[in-house]
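Subject: The model, and some notes on it

Hi there,

Here is the structure I promised to pass on to you. Please open it alongside this email, and I will walk you through what turned up.

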Protein chains: 2
Amino acid sequence: MARKSATGRIGIADVALKAGVSHATVSRVMNGNFTVDPEIAARVREAAVELKYQPNPVGRSLALGKTDTIGIVVPDLANPTFQAILRGLSRAAAEDGYRVLIADSFEVPSEEAILAGEARRRCDGLVLCAPRMTDAELEEIAPSLHPLVLINRTTAAAGVPSLVVDYGQGVQDLAEHLAGLGHTRLAFLAGPAGSASNRLRLEGLEAFRNRHPQVEVSMLDGGSDFDTGHEAVDAVLDSGATGILAFNDLVAMGLMSGLHERGVSVPGDISITGFDDIPFARYTTPTLTTAAVPISELGGQAWHQLRALIRKEDLETADTRYQPRLEIRASSGPSPADLAP
Amino acid sequence: MARKSATGRIGIADVALKAGVSHATVSRVMNGNFTVDPEIAARVREAAVELKYQPNPVGRSLALGKTDTIGIVVPDLANPTFQAILRGLSRAAAEDGYRVLIADSFEVPSEEAILAGEARRRCDGLVLCAPRMTDAELEEIAPSLHPLVLINRTTAAAGVPSLVVDYGQGVQDLAEHLAGLGHTRLAFLAGPAGSASNRLRLEGLEAFRNRHPQVEVSMLDGGSDFDTGHEAVDAVLDSGATGILAFNDLVAMGLMSGLHERGVSVPGDISITGFDDIPFARYTTPTLTTAAVPISELGGQAWHQLRALIRKEDLETADTRYQPRLEIRASSGPSPADLAP
DNA sequence: CAGCACTGAGAAAGCGTTTTCTCGCAGCCG
DNA sequence: CGGCTGCGAGAAAACGCTTTCTCAGTGCTG
């Protein structure tokens, strides 16, 4: 009876009718505007409760020009790193009453710009997570995406805060750790070719090489998941390296599993390090030496930066750089060469 | 110059102005309505491209009464199971041009109904993932959430498809496997008390007990994460059981790690099984015997059910039941009692 | 007691689309 | 040659809400 609206859902008009007031008054009451007679307000509230009225957020969004929603674009939702960022972002945003819309580009760089644009138009702001697109493209679309926060990527475009993990420093710390254990032949199991974080690691290793010319560091092709590590067993054994820097924890775990199948002892014969310190890293056998990045904190920080932009708070846009913390566990040990004689 | 709109963004009006036509015509062109003179259509399209016009989805949603977005409510985004479901759902929905909005209830049952309602109003449909709320509450709010799909939960409310994993059968299969290896003293490391999937496992074990009265099955308190398993080491050793059914793979991994620290051999002294077959399960040492749940397929199926409801396709609402598949790996072996003599 | 400020609520104008309604105009048939 | 059909495009309504504008009514002050 009260439902007259075309959509079948009860709207503000139904409440107004029942309470015998105008739409405007109902809106005022629902938004806690105090220029309403308490008695009328009570009548409106009663009608609202009775009809189980819930304001339509789409109408609200249109009128207010905001959606209370933010978007996040990730290259691959299956990656624990991005899952953790998403989790941190979602939690932090929820505390401020914001929801998050996700867009997975499935590692297809050409999709990113489109997804980002679509997501942005539905949201009040956007987080672009480790985008795979080119610098030029990123810089070009960045202005149209504002408010925008970047994770693990920087851009020359103005007003775009970046949160980046210092993978270069982290990989150097790991390499130093292995060198300190006497390893003189290291190998790096590289990540996805286009990845900016892989580039940072390579730069870090270059710096390490310059500092330690006596240590040999060979490069092996890889990827970012279990299987990559598992399939790299032969390449690793062929390399003759005794210390392996895996692109991340997943690759390290795949590699350890493969070496175990071959009867190679870790860290007896070969030492392995990961990167990220995903929760699983402390439960592998042996437990995994890695570089810990405060990853879900990153998600939270991303929200805080984005919130500042949305509120136009002019928080300084200085890029934030996260230092990984060396997490020494059981997968790394003295070089067998040191023990042999 | 072309931008007259209050929001600063260019709208349909700007395009209309530039092309010298009305809003209506622009809308018709943008939506591929062919009752427009090709020449005018071309002019409009040109103007749209020149102004980089992109229709505002909020206005569109209001007019069309749909958002091309679905929501998912999960109890804990940190749980790999829900991450996998989210991934499957997101991928499947994206193929049909839908986005997904996430809501994390952080295991607070009282939040679920509110989150679900809010999410639902912003979306065209909702997936409720293993809700922790009571049956009564679920049944009460279900109608207001339609189109709704449940995962790992059922309800008496009409028109709500359910996708449930048969945890009872899975745990029985695992128990049978251990019994077949000669184990006569088993222990179940239980999950969260309120969890429906834990209840199903308990029912399954009850059936198993009835079938195998000679096998002792003790119950140990637990949870659903690594730490739970790690902390359960003492309880497990005290129980004297030689076959441990962990609530899930995470718990199993925590337990294996703890036993390893104590020098207990797996499966030499104690056999362990997990549940879920998360990707990590095949990379632990020893690799984990578990019951595989086609979890991201579940997410995809959830979308297909939801899509049918949204399109009012009257796909039969018969609940779908997924049978876990026993995945025998290296963490389970013959009972030490069988070998001793 | 007249005029004024002030309060509170309705009317109406957005917000940016889509879609129905309406109408001018050209073409066609009788 | 007049009326009817049909096509194409503009005007306007609708979607559901917020907010400004407007105005009636009250109470206060000079």
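First, the ground rules. This is a predicted model, in which local features need pLDDT of at least 70 and side-chain atom pairs count only at pLDDT 80 or more, while totals for chains, interfaces and linings use all residues. Residues are numbered from 1 along each chain as its sequence is written, chains are lettered from A and ligands numbered from 1 in the order in which they are written, and side-chain values use heavy atoms, with hydrogens and water left out.

**Strand β2 of chain A**

Six of the six residues of β2(A) (residues 99-104) are buried, so the strand is largely enclosed by the rest of the structure. Buried here means under 20% relative accessible area, exposed over 50%, and partly exposed in between, with a 1.4 Å probe and protein chains only. Helices (H or I, at least four residues) and strands (E, at least two) are DSSP runs, numbered from the N terminus.

In a regular strand the side chains alternate between the two faces of the sheet. In β2(A), one side carries Arg99(A), Leu101(A) and Ala103(A), the other Val100(A), Ile102(A) and Asp104(A), and all are buried.

What does β2(A) pair with? Strand β1 (residues 69-74) of chain A runs parallel to β2(A), joined by six bridges; pairing requires that DSSP finds at least two bridges between the strands. Ile70(A) has Val100(A) as its bridge partner.

**The core**

The largest nonpolar core has 132 residues, of which Ile272(A) and Ile272(B) touch the most other members. Such a core is a set of buried Ala, Val, Leu, Ile, Met, Phe, Trp, Tyr and Cys residues joined through side-chain atoms within 4.5 Å.

**DNA strand C**

There are 29 residues around DNA strand C, and those that come nearest are Thr25(A), Asp37(A), Ile40(A), Ile12(B) and Ser27(B). A residue is near the strand if one of its heavy atoms lies within 4 Å of it. Of the DNA strand C atoms within 4 Å of the protein, 69% belong to sugar or phosphate and the rest to bases. The largest share of the surface, five residues, comes from α4(B).

Which side chains reach which part of DNA strand C?
- Arg28(A) has a side-chain N or O atom 2.8 Å from a base nitrogen.
- Asn31(B) places a polar side-chain atom 3.0 Å from a phosphate oxygen.
- Arg60(B) places a polar side-chain atom 2.8 Å from a phosphate oxygen.

**Two buried loop residues**

Arg132(A) lies in the loop between β3 (125-129) and α7 (135-145) of chain A and is buried, with a relative accessible area of 19%. A polar atom of the Arg132(A) side chain is 3.4 Å from the backbone oxygen of Ala130(A).

Asp166(B) sits in the loop between β5 (162-165) and α8 (167-180) of chain B, and is buried too, with a relative accessible area of 12%. The side chains of Asp166(B) and Gln323(B) are joined by a polar contact of 3.2 Å, meaning a pair of N or O atoms within 3.5 Å; within protein, one must be able to donate a hydrogen and the other to accept it, and residues adjacent in sequence count only if both atoms are side-chain atoms. A polar atom of the Asp166(B) side chain also lies 3.0 Å from the backbone nitrogen of Gln169(B).
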